[in-house]
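Visitor: I have a chain on my screen and would like a guided look at it. Could you take my questions one at a time?

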Amino acid sequence: MPDISTKPYMLRAIYEWCTDSGFTPYLAVKVDAATTVPMEYVKKGEIVLNISFGATSGLKMDNDAVRFNARFGGVSREIYVPVQNVLAIYANENGQGMAFEVSSTAAESPVAPVADAPVAPAPALSAVPSAAAAKSTPELSLIPDDNDEPPKKGGRPTLTVIK
């Protein structure tokens, strides 16, 4: 019987600790062909995702993957992260959490062939449609940018009387 990884259990435990403590859980992920994330937010092959209750919809943390829907630039995206690709889970407010060594990602792992099973083509890395048209900052927290300027306001507000 193969050894069962403790990693998915630790991910769920740290997530629960973060939410019980009122902290915002963040997930650092190594991006490869097996992950489904918005590629325009990937930096140096990694992405950091806010996986709090308010930032996600339908969060499911299985033994094999973390799945949820989240909004990036006002556009809902489906996110899929193999547990094997998770680099860390931590509380954004204090940095406490757990880091993991990722020696091989899910896309690099050899899959044992099943007898008489059809062989599917290997998944390819592809870009998710850009949300450049939205031009708003993503609602999901990502790796902080060097841009510390507050958003610019559109001008003086006006009142319109409608009869």
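Visitor: Over how many bridges do E4 and E5 pair?

Guide: Happy to start there. This is a predicted model, in which local features need pLDDT of at least 70 and side-chain atom pairs count only at pLDDT 80 or more, while totals for chains, interfaces and linings use all residues. Residues are numbered from 1 along each chain as its sequence is written, and side-chain values use heavy atoms, leaving out hydrogens and water. Strands are DSSP runs (E, at least two residues) numbered from the N terminus, and two of them pair if DSSP finds at least two bridges between them. Phe 68, for example, stands opposite Ile 79 in E5; in total, E4 and E5 pair in the antiparallel sense over eight bridges.

Visitor: Which residue takes a positive phi in the hairpin of E4 and E5?

Guide: That hairpin has two residues between the strands. The positive phi, near 60°, belongs to Gly 73.

Visitor: What is the bridge partner of Lys 60 in E4?

Guide: E3 and E4 (residues 65-72) run antiparallel and are joined by three bridges, with a hairpin of three residues between them. In E4, Ser 57 has Asn 69 as its bridge partner. For Lys 60, the partner is Arg 67.

Visitor: Which strands stand at the edges of the sheet?

Guide: The sheet is open and has three strands, paired antiparallel in the order E3-E4-E5. Two of these strands each have a single partner, so one side of each is left without a neighbour in the sheet. Those edge strands are E3 (57-61) and E5 (75-82).

Visitor: Why is the pair of Trp 17 and Phe 23 described as tilted?

Guide: Rings of Phe, Tyr and Trp (its six-membered ring) pair if their centres lie within 6.5 Å; planes under 30 degrees apart count as stacked, over 60 as edge-to-face and the rest as tilted. By this rule there are three aromatic pairs. In the pair of Trp 17 and Phe 23 the centres are 5.5 Å apart and the planes stand at 55°, so the pair is tilted.

Visitor: Is Trp 17 buried, partly exposed or exposed?

Guide: Buried means under 20% relative accessible area, exposed over 50%, and partly exposed in between (1.4 Å probe, protein chains only). Phe 23, at 25%, is partly exposed. Trp 17 has 32% relative accessibility, so Trp 17 counts as partly exposed.

Definitions and conventions: Helix = DSSP H or I, 4+ residues; strand = E, 2+ residues; numbered from the N terminus.
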